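Keep the structure open beside you as you read.

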Amino acid sequence: MTNQEPLLEVQHLSKYFPLRGGLFQRPVGEVRAVDDVSFAVYPGEALGLVGESGSGKTTLGKTVLRLLEPTAGRIFFQGEDLCALSAREMQRRRAHMQMVFQNPYSSLNPRMKVKDIVAEPLVIHGRLGGSARYRRVRELIRLVGLDEAHLYRYPHEFSGGQRQRIGIARALALEPRMLVLDEPTSALDVSVQAQILNLLVELQEQLGLTYLFVSHDLGVIRYICDRVALMYLGRIVELAPVETIFERPLHPYTQALRSAMPEPDPDAQDEEILLEGEIGGLDPGFRGCRFAPRCPAAKIDRCQAEEPPLQEVVPGHWVACHLVESGEEE
Amino acid sequence: MDRSAPLVAIRDLRLNFHTFEGVARTLVGVDLTLRRGDVLGLVGETGCGKTMTALSIPRLIPCPPGEIVGGRVLFDGQDVLAKPEAEMQELRARRMALIFQDPTTNLNPVFTIEEQMVDAILSKQGARSVWSYTPVARLVPTAREQRRQARQVAVEMLRRVGIPHPERRIHSYPHEFSGGMKQRVLIAMAVAGRPDLLIADEPTTALDVSIQAQILRLFKRLVQEFHLTVLLITHNLGVVARTCNRVAVMYAGRVVEEGDVRSIFRNPRHPYTQGLLQALPRRGLRRGELAGIPGSIPSPIDPPSGCRFHPRCPHVMPVCSQEPPPPVVPLAQDHTVACHLYTEPFPP
């Protein structure tokens, strides 16, 4: 996989949001939602972005598509620097990288028929006129497991799972190479979630898609992804193949999250590593490891003083932790 | 009081909701038993009626538009549905407690934690006097003493649910707490009155996994400390496996399978329970191997005939769509199922 050219490469990407306050709503600080993140996605793989709320995973997903303008850093898609493009050029590139949103109830326009929702990307990008366009729409709706009769209905007539299928059909309309999926199943029930996950697996095999899959659900990530990046407070703390993340995690946060994940098996309870406290804001003066205040592992002075960089400890396994680096673990 | 009798027994409960689209048959013969000391997980997908089943015990179903059209709900042997409202309120205050999914909407944003907890504790002690609740209470010595004691209880409870510096934090407003901490406050409030029954409706759904693990551990500890009987509503089977000793699986207004947690997870009998467990992404499963349940949840307004699961069932037989819903059959020690596949009790 590593000798391949990455489809998407992100270098030192940051996204800060200004915090405003005071009488004139002047910026008084900033929220570092994504802070100096680098990773690559290779063609045909599914990379999972996992983290708790506030870890910056959704912001990262959106910034990669430049739906949010990055504060710093560069994004390469098929070798081309996206940050250097004008808005118009960027829009054209987005035909190759589409997004599926979390909430299928708010991401479909309630006043549009399904056929118009699915056709909209084709209209915007001026692809396929007249009957060819609707042939494509019919093809898409069958591809996601719905019926042609559904095309003439409105979103409210569908269940959550069916709506998410419509959202996927829309994302596939322009034959993208990559999909950014932002928690596509977290609003769905388990039985329906399984249907959608299977659809995503099928589509990936059938169309050779590349996924950037954002989720907080480790079970879903384990099922669908090849590699996983774990985020904590805007940083990637561990990046490794999925089996490694689940069987031999190195970062204390990954280990704790892994043990906190309730397995649907009454006898398979691992030793729980309970994390103290909660994901909190970042003190602007603090220069140490972001996870240090909650870290259950033995703390060394460096954890408080210095932010650990993301380093490759084993080929393909990246960890940002002073303890791992200094060989005190494993 | 008979300690061996179940704390809660719901028998053939039927509930309709009158909506603009027609009558929604939300519960169609729910049977559920909670023995003392049980931690029962009530699982099912959206709209299956698990919250309504739970709310029938403190009789908090909004009627109208709801209408209970049949069945009985017994709490400690007393028929809850037949009680006058005043007695019911007393029963709720002294013996039951509820926790909900979203801790933010269940705390009043304009009062401090202290005010809310003291009021809750006083009402659970059955303080009827209006004096106890109003600002005037600060002038009446007995009421002041009552509030002071209640405040001590509140601080102690906050300490026991793991809120750091409770004497100081009790003066905070809800917005000064995080989601996990708010849920702890609500749990403290719920168990402060030493209830017998705790109903928790998706208590960890709005929380992150690491916080969920903290809350579940707290839950387990409190169950032991306070000898609680718990009805835990959730759609997360992982939470059930980690927390509960018994499980009831609901589908479209009925309990389709009920039993010991190991028995249900190891040896699920109802095709819906089997499907639900197979639909979970779990350890050792490879891509493409996940089995979903085809179709979607039926509408309670126009449900399928016979067994409501039959259109999605992989083992459907002609009888399933024709006959009325199958009766509940005991399969083994503490394991019952309602499915036409099992018409005869299993030989021991």
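In chain A, strand E1(A) and strand E4 (residues 72-77) run antiparallel and are joined by 5 bridges. One spot to look for is A:Leu8, which stands opposite A:Phe77 in E4(A). Strands here are DSSP E runs of at least two residues, helices are H or I runs of at least four, and both are numbered from the N terminus; two strands pair if DSSP finds at least two bridges between them.

This is a predicted model, where local features need pLDDT of at least 70, side-chain atom pairs count only at pLDDT 80 or more, and totals for chains, interfaces and linings use all residues. Residues are numbered from 1 along each chain as its sequence is written, while chains are lettered from A and ligands numbered from 1 in the order in which they are written.

Back to E1 (residues 8-21): it also pairs with E2 (residues 26-41) of chain A, antiparallel over 11 bridges. There, A:Val10 has A:Phe39 as its bridge partner in E2(A). The two strands make a hairpin with 4 residues between them, and A:Gly22 in the turn has a positive phi of about 80°.

Now for helix H1 (residues 57-64) of chain A: 7 of its 8 residues are buried, so it is largely enclosed by the rest of the structure. (Buried means 20 or more other C-beta atoms within 10 Å of the residue's own, with C-beta atoms placed from the backbone.) Among the buried ones are A:Leu60, A:Gly61 and A:Val64. Just after H1(A), A:Arg66 takes a positive phi of about 55°.

Definitions and conventions: A residue is buried if 20 or more other C-beta atoms lie within 10 Å of its own, exposed if 12 or fewer, and partly exposed in between; C-beta atoms are placed from the backbone.
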